[in-house]
Amino acid sequence: MQNTAKPGRGMVVAPHYLASQAGRDILHEGGNAIEAMIAAASTIATVYPHMNSIGGDGFWLIAEPGKAPVAIEACGPAAQLADADFYAGHERIPTRGPLAALTTAGTVGGWEMALMQSLRWGGTLPLSRLFEAAIAHARQGVSVTRGQAALTTAKLDELAAVPGFADHLLDNGRAPSQGNTFRQPTLASTFERLARAGLGDFYRGELGTAMGEELARLGSPLCRADLASYAPQAVTPLSLTLKQGQVWNLPPPTQGVSSLMILGLFERLEIAEAEGFDYVHALVESTKQAFLLRDRHVSDPCWMSVDARTLLADDTLDRMAARIDPARALAWPHEGEPGDTIWMGCIDGEGRAVSFIQSTYWEFGSGVVLPSTGVLWQNRGIGFSLDPRARQALAPGRKPFHTLNPALARLNDGRTMVYGTMGGEGQPQTQSAVFTRHVLYGQPLQQAIDAPRWLLGRTWGEGTTSLKLESRFDPTLITALRQAGHQVDVLGAYSDTMGHAGGISRHADGTLEGGADPRSDGSVESD
C-alpha cells in the first residue's frame, strides 16, 4: 500500500495508531511538527508501556527548511551514588528492579527543550491540549495490543515481584489479555500535573520530589538531587554527504555514527540493484565493519579518546570498505545490544521535520513503577560494567551507551526524509535497508519498509548473534548467504525481531509519502 498525501498540514507515522492519530489531530488544529510529536510521544508512552515510558530517555532531530538540523540529547546520566561500592556484592548490575533503575529519565526534559524550539516557530498549543489524548487513554483505557500481552506474559516471572509492576501493569496478578481494556489512572494524573505545573515539575517540582524520594526508598541509587540537577543538551548532529544528498544522525553516546558509517561504506561498494546476494551481503558486511569501530570507540563523549566525526572521514571509510570481501562473510561471533524502543516521525505543512525516538531500554525497563506517579523507570544503566577497566565502566554522572538513533536526510532532488526504527542492534541495519531501498533503488517508502529484512546479532527477544532473515527472502538468496559463510537463521515472514520501522518523505512539490511497519500496530496519518 502506498501512503501519499497532497500538500496539507502534514503527516505523522508511529508504531501505534493512537499515537499517529494524536499527532495528526494536532496538525489539523494548526500545530507544528514538534507539537504534534509531543502529542504522539505522550500518547505512545501511555498506550505502549512495554516499549517506552516517560521514565526513559529520548533523542530528537529537528529540521526546518533552509536551516541546518538541530539535535536534542535527552538521556540521563548515572546517579551520583551509582558506583562499584553501591553495588558491592554484585558481579554485575541487576537487570530488573530498583538496582537497575540507576540513570535519570531524560525524555520529559527533551520534550521541554523541543517546546522552546516550537515557541520560536510560533507554536501556541498548551500542554493540556498536547497531553489530551494521553490523559484520555490513560484514564479511560485502551485495548491491550498483541505485543503488550505477549511480552507481559513472557516476562511475567522476572517482573511480577518488582515494586509497582503488578499494581500498575498487571490484571489481578496476571498478564493482561489482548483486547482487554488497560487503564493507568495514576499516570493520567501525572500528565495532568505536568500540564498544570510545566514539564520542569518532573525534575524540580512536586513530581520530581516524590519520585526521587520513592526511588531512594526502594533501593535505587537515584534520589531527588539527581532529578533536580538534570538538564537535556542541544548537540550538533553528525552528518555524512552521499551522492544522493546529506544524512544526519545523533552523536555519541548514541550509535548514530554506525548508522552513517554503514551508508558510507555501502556507497563505496557500488551495488547495482537491491534484494539480491550482493545487496544483502554488502549491507551486512558494512554493518560488521561499522560495529567493530563503534564498539571500540563509542561511549559517553567525555570518556572517548576520538572525535566521532573522524570515523566518518573519507580515508577512514575507504580503509574500512577495502576490508570487505564481496564474496565471503567476516567471521562474526559478536555480542550485541538488546533494546526496546519506539521511533516516530512528523513533517508539517511548512516542511518542518522531526525524527524522534524514546525508550526504556529493555521491554518494561527496570520494571519499577513509582506509586505516586505511575511512571515506569528505565534500565538503561545496566549496560555499565562494574569492572573499572571496562570500556563502559560505571561512574557517577556518566552517560550510558545508547542504541537510540533517529535519522534525517535531505536529498539532492529536494526531498526531506525522516526515518528510523526500534530494535537495539537492528536500528542501524533497518535504517540502511529502508534508506537504500527507497533512495538508491527507487522503491516507494511503504514498500521499502514492508520488504523482507535481516538482522545481524541480538535484539529484543533474541539471544543469538547469527544473521537472521525473514522467510520471505528468496530461498536461493538464503542458500547463497550460507555458502558465503554467513550463519543464517530463518524467522517468520513478518518478524517482530526486525523492529518496527517508519518513515516520511516530503517531495520538492510538498507531496508527502509515508510508510508504517506492518510488523507494528502503527499507522501513517495525514491532514
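This is a predicted model: local features need pLDDT of at least 70, side-chain atom pairs count only at pLDDT 80 or more; totals for chains, interfaces and linings use all residues.
Helix H1, which spans residues 17-28, packs against helix H2, residues 33-47, at an angle of about 155°, and the axes of H1 and H2 lie 8 Å apart. Because an angle over 145 degrees counts as roughly antiparallel, H1 and H2 are described as roughly antiparallel to each other. The crossing of H1 and H2 is right-handed. On the side of H1, the contact is made by Leu-18, Ala-19, Ala-22, Gly-23, Ile-26 and Leu-27, and these meet residues of H2 that include Ala-36, Ala-39, Ala-40 and Ile-44. By class, the residues of the contact of H1 with H2 comprise 11 nonpolar, two polar and one charged.

In the second pair, helix H13 (residues 256-269) and H14 have axes that come within 8 Å and cross at roughly 135°, and H13 and H14 are therefore oblique to each other. The crossing in which H13 passes H14 is right-handed. Among the residues of H13 in this contact are Met-261, Ile-262, Leu-265 and Phe-266, whereas H14 contributes residues including Tyr-279, Leu-283, Phe-291 and Arg-294. The contact of H13 with H14 holds 11 nonpolar, four polar and one charged residues.

Within H18, which runs over residues 475-483, the residues Leu-477, Ile-478 and Leu-481 are buried. These cover an arc of only 100° around the axis, and they therefore lie on the same side of H18. H18 is followed by Gly-485, whose phi is positive, near 105°.

Backbone geometry was next considered in residues other than glycine. Most such residues have a negative phi, and most peptide bonds are trans. Glu-275, which is not a glycine, has a positive phi of about 85°; this residue is placed in the loop between H13 and H14 and is partly exposed, with a relative accessible area of 27%. Tyr-361 likewise has a positive phi, near 75°, but Tyr-361 belongs to strand S11, residues 353-361, and counts as buried because its relative accessibility is 4%, where the cut-off for burial is under 20%. A cis peptide bond, with omega about 20°, joins Pro-252 and Pro-253, and Pro-253 lies in the loop between strand S9 (245-249) and H13.

Thr-416 is found in strand S13, residues 416-421, and is buried, with a relative accessible area of 15%. When residues up to four places away in sequence are not counted, Thr-416 touches Ile-347, Ala-353, Ala-409, Arg-410, Ile-504, Ser-505 and Arg-506. Gly-109, in helix H3 (residues 107-120), is buried at 1% relative accessibility, and, with residues up to four places away in sequence again left out, Gly-109 touches Tyr-203 and Pro-232. From C-alpha to C-alpha, Gly-109 and Leu-317 are 35 Å apart in space, and they are 208 residues apart in sequence.

Methods:
Residues are numbered from 1 along each chain as its sequence is written. Side-chain values use heavy atoms; hydrogens and water are left out. Axes are lines fitted to C-alpha atoms, for helices over the stretch in contact, and angles run from 0 to 180 degrees between N-to-C directions. Helices (H or I, at least four residues) and strands (E, at least two) are DSSP runs, numbered from the N terminus. Angles under 35 degrees count as roughly parallel, over 145 as roughly antiparallel, 65 to 115 as roughly perpendicular and the rest as oblique. A crossing is left-handed if the near helix is turned anticlockwise from the far one by less than a right angle, and right-handed if clockwise. Contact means heavy atoms within 4.5 Å. Ala, Val, Leu, Ile, Met, Phe, Trp, Tyr, Cys and Pro count as nonpolar, Asp, Glu, Lys and Arg as charged, and the others, Gly among them, as polar. Buried means under 20% relative accessible area, exposed over 50%, partly exposed in between (1.4 Å probe, protein chains only). The arc is that of the directions from the helix axis to the C-beta atoms.
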